[in-house]
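Dear colleague,

I am handing over the structure below, and I would be grateful if you looked through it before reading my notes on its salt bridges.

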Amino acid sequence: MLRPIAPPLLQWFQANKRLLPFRQEPSAYHIWVSEIMLQQTRVAAAIPYYNRFIAALPDPAALAACEPDALRKLWQGLGYYNRVNNMQKAARIVCEQYGGDLPADYDALRALPGIGDYTAGAIASIAFGIPAPAVDGNVLRVFARIYNDDADVMQPATKRLFTQRVLDQMPKETPGPYNEALMELGALICVPGTPHCEVCPLADRCLGYAAGRQAELPVKPAPKAKTPVRVTVALVQSPAGLLLQRRPGKGLLAGLWQPAAWEKELTQPELAAELAKIGVEVTWGEALPAARHVFTHKIWNLGGWRASAPACALPEGWVWAAPEDLKQLYAVPNAYAAYMKN
């Protein structure tokens, strides 16, 4: 039987927690924004984006009213743009149904677009003191080790079991600090690979540590192979600016702007023919360096050529982007970062 973990965990957290901006003013909105940003991003990398986002959009009403291109520009660099699209959908529901404030109810939070079990639990517990678990990858790793459990943490049944264990250990009077402490322990001490057991506040009650198995846990299935995709890019400059096209409204990188690109291998004449279809007649320059961008399920292998062209009228979905507009208006995904820096 595992001894209670909350007392030493909370004592450690109080003494060692990081001073993060969303902990200084832990409103439901601030917690929501931070948790969505942190889903696929390290804390240190996310903080500048968080500060900029909150300064521009300080509440759900501002988020709901933000023009979509401006919203994507604020998010540029964080990736996974569907997250911020769902945030705006949720903010509009919050304004329409809850008077502009996130609801103090787990089920109502969970029903909002883009808010899953973990995010709903984090907001409910930290902002409203509701005894709801917030189980992410950090928490699954901590509980696999302290219970010495080698069940596959990616299986729904395992997640349900671990979530119940998190709830069983939760002090009902301080669910928010408890959830935050578990996240912090997983981020700073009970890290992937080799954890820092020598300074862990739970080492004396960790069954995995006692068995010498902490580095073996948690157990996960081998990742699936990612599909390689060839992407051919034309980086076309005119006196009016860089040629950009808007991606489709659904699917990967939905609604973002990118240099002229096709998700297939094209020769230079084939690329010129594609551009001629929109009225752009190019003079080719140097080849672009090969670049690679890894998504969740696929890998883009990029290449192509620089080109120049006279400015011309463009069909809908294409623009000539002046340098100042690239900085302020058009959100271009990081997949093209190797070409957009120059």
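R18, R23, E180 and E184 are joined in a network of salt bridges, and this is a predicted model, so please read every value here as computed. Are the two partners buried or exposed? R18 counts as partly exposed because its relative accessibility is 27%, whereas E184, at 1% relative accessibility, counts as buried because the cut-off for that class is under 20%.

The search of the whole structure finds 14 salt bridges, and two others deserve a description here.

One of them is formed by the side chains of D149 and R165, at 2.9 Å from N to O. This pair also links distant parts of the chain, with D149 in the loop between α10 (137–146) and α11 (156–169) and R165 in helix α11, 16 residues apart. Both D149 and R165 are buried.

The other is the salt bridge between R306 and E286, whose closest N and O atoms are 3.2 Å apart. Here the link runs between two strands, with R306 in β5 (residues 298–308) and E286 in β4 (residues 283–294), and the two residues are 20 residues apart. R306 is partly exposed, because its relative accessible area is 21%.

Conventions. Residues numbered from 1 in each chain as written. Predicted model: local features only at pLDDT ≥ 70, side-chain atom pairs only at ≥ 80, totals over all residues. Heavy atoms only, no water. Salt bridge = Lys/Arg side-chain N within 4 Å of Asp/Glu carboxyl O. Buried < 20%, exposed > 50% of the residue type's maximum accessible area, 1.4 Å probe, protein only. Helix = DSSP H or I, 4+ residues; strand = E, 2+ residues; numbered from the N terminus.
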